[in-house]
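Dear colleague,

Please find the structure below, together with its sequence. My notes on it follow.

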Amino acid sequence: MRDERQTFFDRLAPSWDREAAQDVTPSIVARLELRPGERILDVGAGTGRLSRALAAAVGPMGLVLGLDFSRKMLQVAREHKSAAWQHLVCADVLHLPVPACSFDRVVCFCCFPHFRNQPRALRELRTALAPGGRIYVIHEESSEAVNMRHRQIGGAVAHDFLPSAEAMRAMFHACGLKNTVCEDRPGLFWAEAVKE
């Protein structure tokens with residue numbers, strides 16, 4: 001059964017990049033401190049802006065898989081795809097089409113609230129990580145601001161909430177990830193954990 005969120009994001013795809021307040025991908029990529037050759041799973045890749053920046057950072061010896069459940073978002077992403085080692089796949093985070101232990105990093109940028117089952121999604125993503133791999137949940141706003149905006153938008157995303165830092169730590173711990181960083185402040189939500 002098609003999720004109403006897919007229809008919501010399909011409808012926004014053509015104007016998504018134009019309506020973005022600013023391009024924060026350079027600051028995200030800088031903070032991730034990626035190394036050439038790393039394998040990255042970009043979950044909720046949307047129109048691929050972050051995927052392209054990640055691909056530039058890991059270079060031709062690396063791999064970036066941009067995954068999204070909106071076909072229209074990925075259509076836009078394909079129009080701008082720039083690297084042979086950047087791949088785009090339409091799939092649901094609850095049913096990842098990737099082998100276990102296949103990524104060094106998993107990045108969830110501005111998408112975590114839209115996962116239907118957040119604990120199950122984290123378990124799936126943990127499985128995709130290689131030992132020592134890291135997962136990131138990143139937003140350009142605090143959890144309070146994200147949640148307020150989704151309530152205001154209403155409809156398909158009215159109940160899509162980003163957990164507080166404390167709740168995210170607990171969720172990481174419950175699925176076997178060791179939390180290393182959790183910032184939840186005006187202008188930034190950054191939660192990071194490692195698979196031991």
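**Helices, cores and a buried glutamine**

Ala57 is located in helix α4; helices (H or I, at least four residues) and strands (E, at least two) are DSSP runs, numbered from the N terminus. The model is a predicted one, in which local features need pLDDT of at least 70, side-chain atom pairs count only at pLDDT 80 or more, and totals for chains, interfaces and linings use all residues. Residues are numbered from 1 along each chain as its sequence is written, and side-chain values use heavy atoms, with hydrogens and water left out.

Ala57 counts as partly exposed because its relative accessibility is 24%; buried means under 20% relative accessible area, exposed over 50%, and partly exposed in between (1.4 Å probe, protein chains only). Not counting residues up to four places away in sequence, Ala57 touches Val29, Leu34, Arg35 and Pro36, where contact means heavy atoms within 4.5 Å. Between Ala57 and Glu33 there are 24 residues in sequence and 8.8 Å in space, C-alpha to C-alpha.

Helix α3 spans residues 25–32, and its buried residues are Thr25, Ile28, Val29 and Leu32. Viewed down the axis of α3, these fall within an arc of 95 degrees, so they line one face of the helix; the arc is that of the directions from the helix axis to the C-beta atoms. The exposed residues Pro26 and Ala30 are carried on the face of α3 turned away from its buried side. Among the elements that cover the buried residues of α3 are α4 (49–58), β4, β5 and β7.

The largest nonpolar core has 34 residues, of which Val43 and Leu125 touch the most other members. A nonpolar core is a set of buried Ala, Val, Leu, Ile, Met, Phe, Trp, Tyr and Cys residues joined through side-chain atoms within 4.5 Å. Elements that each supply at least two residues of this core include β1 (39–43), β2 (63–68) and α6 (118–128). A second, separate core of 18 residues includes Ile28, Val29, Leu32 and Ala55.

Ala55 is also one of the residues that Gln86 touches, along with Gly48, Ser51, Arg52, Val64 and Lys81, not counting residues up to four places away in sequence. Gln86 lies in strand β3 (residues 86–90). Is Gln86 buried or exposed? Gln86 counts as buried, because its relative accessibility is 0%.
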